[in-house]
Amino acid sequence: MTDQDTQNAVDQFLSEAPLKGFIGGKWVPAESGETFTTSDPGSGQKLADVTAMADADIDKAVAAADSAFKHSGWAEMPANERGVLLHRLADAVEKHRPILARLESLDAGKVLSQATGDIQNFVDTMRYFVEMSQHIQRRTPLAVAGYDARTVRMPWGPCGFIFPWNFPFLLLGWNIAPALAAGNTIVVKPAEDTPLSTLYFAKIAKDVGIPDGVINVVTGYGKTAGAALSSHPGLQRMSFTGSPEVGRMVAEVCGRNLTPVKLELGGKGAAVLFDDVDIEDTAEKLVGAITFHTGQVCCDATRWLIHKPIYDRFVDACKSRLEQVQIGYQLENGTQMGPVVNAKQRERVLGYLEKGQNEGAELVLPGGAAEVSGRDGYYVKPALLAGSLDNVAAREEIFGPVAYLAPFDDEQQAINMVNSSDYGLANSVWTSDLDRANRVAERMIAGNSWINAHNVFAQGVPYAGINKSGIGGGVLSVETYLDYTRSLSVVRPL
């Protein structure tokens with residue numbers, strides 16, 4: 001597919017606006033007739049009008065998912081037959097990768113190469129869980145005296161998903177792949193800032209023959225469509241990825257319905273650097289991490305805790321690299337860092353720089369708003385702050401290309417500094433001493449500890465948060481697949 005073919009396909013899709021929701025295999029507008037606008041954060045220009053759904057529309061979507069679960073044959077289908085359809089879906093997504101990547105790049109402000117990687121990640125994740133579903137043991141005999149007993153893993157039914165705007169398609173794959181492979185049906189609510197790739201995915205699912213109602217996509221605002229979905233009593237499971245503040249509200253309404261809920265929330269990850277690291281190599285990797293998708297990554301290392309003997313040299317190496325980062329429009333060659341997602345997010349990043357400085361933080365690299373020639377988008381410069389970890393910029397999630405630096409004297413102090421955060425998603429330790437690396441990794445309080453790397457997501461390794469970073473299981477592993485099955489005990493007295 002040539003670049004022009006890709007652009008023509010994108011233009012054709014966007015020309016169908018207002019883009020509708022996808023319920024029961026049909027494209028449907030909101031009952032209210034209301035729409036909202038999604039825009040290109042790199043230029044500020046409108047991309048499309050999208051239907052703004054609310055309670056009545058969510059009722060229809062959950063009903064469609066429930067009907068498909070009970071009557072389409074999807075849940076009862078042998079895993080290999082369901083796997084055939086899901087492999088076709090993964091193949092079709094891979095075939096349409098250039099279109100999906102361009103839509104993702106335009107909608108989220110993500111550098112095109114990174115968006116392309118996210119689409120492939122979806123494909124790989126879907127294939128991973130489809131293959132798992134072929135081999136996992138659904139029936140487990142139980143050795144219980146006097147009884148013929150076993151447990152059976154069964155799909156739950158309609159599952160709800162709400163995703164944020166930073167990784168729309170990657171997170172779609174991480175979450176719906178195990179649910180679909182296990183035989184569940186789904187209702188997905190993408191973020192209002194980034195609905196395009198998910199809607200195009202629904203089009204692909206229809207084209208490859210996924211039964212109507214198995215996959216449903218509802219679009220709208222979080223306070224209406226999102227609230228209606230998370231509180232819907234017809235869901236059997238709920239998954240939310242986003243901020244801790246909204247996560248608490250989702251958990252509360254799910255608790256009222258006794259709906260099991262999975263929350264993947266924010267983070268304030270630490271990178272602990274000991275004095276035996278390769279300074280240049282480590283600086284390169286951490287600068288790459290903090291600028292990837294303009295720092296809008298929940299598991300990023302945003303607190304850099306640096307052994308005092310190398311503090312000044314490491315800070316200088318990072319500062320030099322950050323000053324050379326090429327900020328630009330996400331579709332242009334040579335761009336290393338694109339815009340943040342919208343004006344609100346830009347103001348959030350700039351606001352934390354101001355608040356951090358007001359509380360005494362040193363501006364090692366000032367950051368601030370960035371200008372890109374010919375583009376009226378939402379651009380910011382990378383920034384480095386330093387000082388006490390009591391500072392607001394060291395405690396709270398900024399979600400931008402900002403790192404907070406602090407020195408430490410010894411291993412125990414470093415561990416205490418890491419564990420001073422209320423979050424618990426992911427940290428990393430950097431050292432050539434493997435014994436020390438493993439020792440520190442196991443003492444850092446979080447769902448994930450990485451050694452001499454950051455942002456590591458290997459299929460087969462559970463990834464989840466604790467404390468303020470989430471509850472209810474993780475992604476990318478056997479445990480994830482089992483989350484989307486319920487256990488049924490079958491017992492016969494002998």
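## Nonpolar cores

The largest nonpolar core holds 82 residues, and Leu89, Ile176 and Ile210 have the most contacts inside it. Helix H6, residues 168-181, gives the most to this core, with 10 residues. A second, separate core has 28 residues. Ala383, Ala393, Val429 and Val440 are among them. The model behind these values is predicted.

Take isoleucine 210. Setting aside residues up to four places away in sequence, isoleucine 210 touches Trp74, Leu85, Leu86, Leu89, Ala205 and Ile215. One of these, Leu89, is itself listed with Ile210 among the residues with the most contacts in the largest core.

## Leucine 171 in helix H6

Leucine 171 sits in helix H6. Is leucine 171 buried or exposed? Its relative accessibility is 7%, so leucine 171 counts as buried. Beyond residues up to four places away in sequence, leucine 171 touches Phe163, Pro164, Asn166 and Thr241.

One distance gives a sense of scale. Leucine 171 and alanine 369 are 198 residues apart along the chain. Their C-alpha atoms are separated by 28 Å.

## Backbone points

The peptide bond from alanine 17 to proline 18 is cis. Its omega is near 5°. Proline 18 belongs to the loop between helix H1 (3-14) and strand E1 (21-23).

For leucine 258, phi is about 55°. For histidine 293, phi is about 45°. Leucine 258 lies in the loop joining helix H9 (244-257) and strand E11 (261-264). Histidine 293 has its place in the loop between helix H10 (279-291) and strand E13 (301-307).

What sort of surroundings does each have? Leucine 258 has 74% relative accessibility, so it counts as exposed. Histidine 293 has 2% relative accessibility, so it counts as buried.

## A buried loop residue

Asparagine 391 lies in the loop between strand E17 (383-386) and helix H13 (392-395). Asparagine 391 is buried, because its relative accessible area is 3% and the cut-off for buried is under 20%. Which residues does asparagine 391 contact, leaving aside neighbours within four places in sequence? They are Gly356, Glu359, Gly360, Ala361 and Tyr404.

## A nonpolar surface patch

Leu142, Val144, Tyr147 and Val491 make a nonpolar surface patch of about 340 Å². Tyrosine 147 is found in strand E6, residues 147-155. With a relative accessible area of 40%, tyrosine 147 is partly exposed.

How many disulfides does a search of the whole structure find? The search finds 0. A disulfide is a covalent bond between the sulfur atoms of two cysteines.

Distance explains the result for two cysteines. The sulfur of cysteine 254 has its closest cysteine sulfur in cysteine 159, 11 Å away, so the pair is too far apart for a bond. For cysteine 318, the closest cysteine sulfur is in cysteine 299, at 18 Å, which is also too far for a bond. The cut-off for a disulfide is 2.5 Å between the sulfur atoms.

Cysteine 254 is buried, with a relative accessible area of 1%. Cysteine 318 counts as buried at 1% relative accessibility.

Definitions and conventions: Residues numbered from 1 in each chain as written. Predicted model: local features only at pLDDT ≥ 70, side-chain atom pairs only at ≥ 80, totals over all residues. Heavy atoms only, no water. Helix = DSSP H or I, 4+ residues; strand = E, 2+ residues; numbered from the N terminus. Buried < 20%, exposed > 50% of the residue type's maximum accessible area, 1.4 Å probe, protein only. Patch = residues over 30% accessible without salt bridge, like charges linked within 9 Å, V, L, I, M, F, W, Y side chains within 5 Å. Areas by Shrake-Rupley, 256 points an atom, 1.4 Å probe, with all protein chains shown as cover. Salt bridge = Lys/Arg side-chain N within 4 Å of Asp/Glu carboxyl O. Contact = heavy atoms within 4.5 Å. Core = buried A, V, L, I, M, F, W, Y, C linked by side-chain atoms within 4.5 Å.
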